[in-house]
Amino acid sequence: MDSYLEIYKKLYDYYGPQSWWPANTVFEMMVGAILVQNTSWTNVEKVIQQLRPYLTPEKLEQLSEVELAQYIRPSGFFRIKEKRVRALLAWYRRYDYDLDQLKTYDTETLRNELLSVHGIGPETADSILLYACHRPVFVVDAYTRRILARFGYDLPKSYDAFREHLEKELPNDVTLFNEFHALFVEHAKRHCKVKPICKGCPLETSCAQRIKRE
């Protein structure tokens with residue numbers, strides 16, 4: 001069975017650097033982390049394009065509830081997400097919308113604060129910590145679990161236990177965590193789908209599920 005670092009190297013060699021998160025600004029990244037909940041990134045891209053003239057905290061706050069909800073409609077659950085974006089704004093306002101102020105707080109404090117924000121769960125909080133605040137937090141999602149389970153790893157069931165397991169097994173490196181999560185996403189979209197496309201897969205020779213199937 002390949003180690004996590006061996007999996008990372010194979011994916012990186014195959015797909016190259018991903019340079020995530022796909023956003024023009026830190027604030028756009030934060031908003032995108034909420035909009036992508038329960039939808040595809042394709043739908044979020046539509047929203048971002050519509051919202052781009054307003055994608056600063058100050059301008060977004062000036063939109064009415066109805067206006068903001070209509071802008072984010074393509075992402076689904078738009079009324080719920082409108083409230084979640086407002087809650088994120090209220091939290092960020094406490095720091096004067098200043099990323100440098102966030103940098104003065106430790107990761108655990110920021111994570112607990114984010115988890116207390118309406119509509120922000122562990123995956124969204126960790127995405128903001130990793131991609132906006134550049135903290136060494138591994139974002140785990142359904143793609144990560146699917147790929148590693150197919151390799152035969154006995155994975156912790158809870159989100160936090162799974163995240164902590166990966167953080168313990170990997171070097172404490174923000175860039176590696178960033179690229180590895182993005183590579184998992186890309187691999188899941190290209191090869192390791194619900195119904196996998198094994199031909200040409202960079203992990204094919206060591207995939208436990210494929211070997212078992214054969």
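Trainee: Why does D96 count as exposed?

Mentor: Exposed means over 50% relative accessible area, buried means under 20%, and partly exposed is in between, with a 1.4 Å probe and protein chains only as cover. D96 has 54% relative accessibility, so D96 counts as exposed. Before we go on: this is a predicted model, where local features need pLDDT of at least 70 and side-chain atom pairs count only at pLDDT 80 or more, while totals for chains, interfaces and linings use all residues. Residues are numbered from 1 along each chain as its sequence is written, and side-chain values use heavy atoms, with hydrogens and water left out.

Trainee: Where does D96 sit, and what is its phi?

Mentor: D96 lies in the loop between α6 and α7. Its phi is positive, about 60°, although D96 is not a glycine.

Trainee: What makes something a helix here, and how many helices are there?

Mentor: Helices are DSSP runs of H or I with at least four residues, strands are runs of E with at least two, and both are numbered from the N terminus. The chain has 13 helices and zero strands.

Trainee: How do you know what A23 touches?

Mentor: Contact means heavy atoms within 4.5 Å. Not counting residues up to four places away in sequence, A23 touches E28 and M29. As for S116, 93 residues from A23 along the chain, the two C-alpha atoms are separated by 24 Å.

Trainee: Why is D173 called partly exposed?

Mentor: D173 has 34% relative accessibility, so D173 counts as partly exposed. Its place is in the loop between α11 (159-169) and α12 (174-190). D173 and K103 are 70 residues apart in sequence and 17 Å apart in space, C-alpha to C-alpha.

Trainee: Is E186 buried or exposed, and why?

Mentor: Its relative accessible area is 17%, so E186 is buried. E186 is found in helix α12 and touches Y15 and Q18, not counting residues up to four places away in sequence.

Trainee: What makes a nonpolar core, and which members of the largest one touch the most other members?

Mentor: A nonpolar core is a set of buried Ala, Val, Leu, Ile, Met, Phe, Trp, Tyr and Cys residues joined through side-chain atoms within 4.5 Å. The largest one has 68 residues, and I7, L60, W91, L102, I128, L148 and F180 touch the most other members. Leaving aside neighbours within four places in sequence, F180 is in contact with Y4, I7, Y8, L11, F138 and L170.

Trainee: How do you know that the chain agrees with a compact globule?

Mentor: The radius of gyration is taken over C-alpha atoms, and the globule rule is 2.2 Å times the number of residues to the power 0.38. For 214 residues a compact globule would have a radius near 17 Å, and the chain has 18 Å, which agrees. The C-alpha trace spans about 60 × 35 × 30 Å along its principal axes.

Trainee: How much of the chain is buried?

Mentor: Buried residues make up 47% of the 214 residues. Also, among contacts between residues at least 6 apart in sequence, 63% join residues at least 24 apart.
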